[in-house]
Every structure is written in structure tokens, then in C-alpha cells.
Amino acid sequence: MSSCFFLLLDSLQESLPVLVKQTQDLIDTSGYQEGKQVIFQQLQTSSQRLLLYYDQLRMLLLLVFSVFFFFLVLIYQRKKAEEFAVWYQSGSSFWSWVFLNLGECLIPLLLVTSVFSFLFLLCQYSLGKLVLLTHLEFMDHLNGASLSLHISDNQTLNQLFIRFPTTNDALVASIQLTSKQWLSIFFTTLLKTMRTLLLVISTIGFTTLISYSYWRYRHWNNSSH
């Protein structure tokens, strides 16, 4: 679940600047002149507010995930007390136990990476639509912007149409990110998400495993004397 939320937020962060640039290029090449600079400023202001909002959501998610993972590792280690006793009595080293358990934390991350890589390729169209719709919902919620961007009703891949409510003009041309652009965004997102999860899992997992295992290791040493 954390991977899904991180992937969505990272996709939103990576795709927003690209979509804003596409929107500005479309307005610029369309010949629309009335209040163009004001519209560009609105777009930049809205996108900056939106990126800040995404950053805040991501930091909150990172905090929640870190706390949850810490307690998960702690509970998991407590349940492995008997296994640790057998490991200790077999003469195996303290560090081999730490790295074995850290591996048990990281292997699922590799599986998640493989699964999401496949899903990105399989569900590219749906993911692109979800990202665009989420941008628009958040932008309307945060700004109530005078410039409206709407998802088109046709089936062409990931299109947006621009309408100017003040003049009721509309651009018939569309903003369209190609499959190559979406793949670049999504795989950049995937790497960013996996890097974040790898860092959190490695740092918290390693620290918690060392602290708890060392305390238990000392406990067994004291009991044996």
C-alpha cells in the first residue's frame, strides 16, 4: 500500500512540470493573446502550490511508513525469539543474523519493483488517466483556478483540452503526452520510489535489527554466565 501511494505521489510530482510546459506551449502556438501572460503566471503559481502540496503529502506518508515499519520490524523480531535462541546456540555470528533478517526485509521490495514494472507497462493508459485526473482534482481544490483544464471524452491517449472561462474560447488542439513520455515519467517515478523505500527500509531495518538483536545477544550472554 505504501508503494502504491509513493508511486502515485511521485508520478504526480514528475508529471506536473511536463504537463504545465505542454500547456504553455499549446497556448503559445495557438495564437491566443488575450491575457496570455496572466494565464502563464496562474499556471506557474498553481503548479508551485500543487508541488508544495504533493511534497507535504509525501513527507507525511514517509513519516507514517517509517513509524509503521519500525514497529513492524520490532514485532517481527520479538516473534522470532526462539529462532534467535537456536541461531545463537548454533555458534552463528551476530552480524550474520542481522544481515539475514535485513535481507528478509529487502527481498519483498525487489518483488514489488518487478510487479510494478510489469503493471506500468500493462496499465500505462489507465495510470496516465489517473495522474491527469488527480492533478485536476487537486488543482481545483487548492486554487479554483480561472483557467480550466478538462480531460477529453474521446479515447485518444491522455488528452487534455483547454477552455478559457473569461472569454469562453476553447483550444481545439490537445495536449498529448506520448507513450514514450509517459514511460519516461513512470520509470523515473519507479526508481525514485524504490530508492526512497530502499533507504527507509535499510536505515530503519538495520538500526532496529542491530539495537534489538544486540540487546537480545547481550541478554543471552549474561544468562549463560
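A: What follows starts with the chain, moves to the core and ends with the aromatic rings.

The model is predicted, so local features are taken at pLDDT of at least 70 and side-chain atom pairs only at pLDDT 80 or more, while totals for chains, interfaces and linings use all residues. Residues are numbered from 1 along each chain as its sequence is written, and side-chain values use heavy atoms, with hydrogens and water left out.

The protein chain holds six helices and four strands, in the order α-α-α-α-α-β-β-β-β-α along the sequence; these elements are DSSP runs numbered from the N terminus, with helices being H or I of at least four residues and strands E of at least two. Of its 225 residues, 39% count as buried, where buried means under 20% relative accessible area, exposed over 50% and partly exposed in between, for a 1.4 Å probe and protein chains only. Among contacts (heavy atoms within 4.5 Å) with a separation of 6 or more, 73% join residues 24 or more positions apart.

Turning to the rings, a search of the whole structure finds four aromatic pairs; rings of Phe, Tyr and Trp (its six-membered ring) pair if their centres lie within 6.5 Å, and planes under 30 degrees apart count as stacked, over 60 as edge-to-face and the rest as tilted. One of these pairs is F6 with F65, whose ring centres are 6.2 Å apart and whose planes stand at 90°, so the pair is edge-to-face. Because F6 lies in helix 1 and F65 in helix 2, this pair ties together parts that are 59 residues apart in sequence. Both F6 and F65 are buried, and together with F69 they form one aromatic cluster.

F70 and F71 also make an edge-to-face pair, at 5.2 Å centre to centre with 70° between the planes. Here F70 counts as partly exposed because its relative accessibility is 33%, and F71 counts as partly exposed because its value is 44%.
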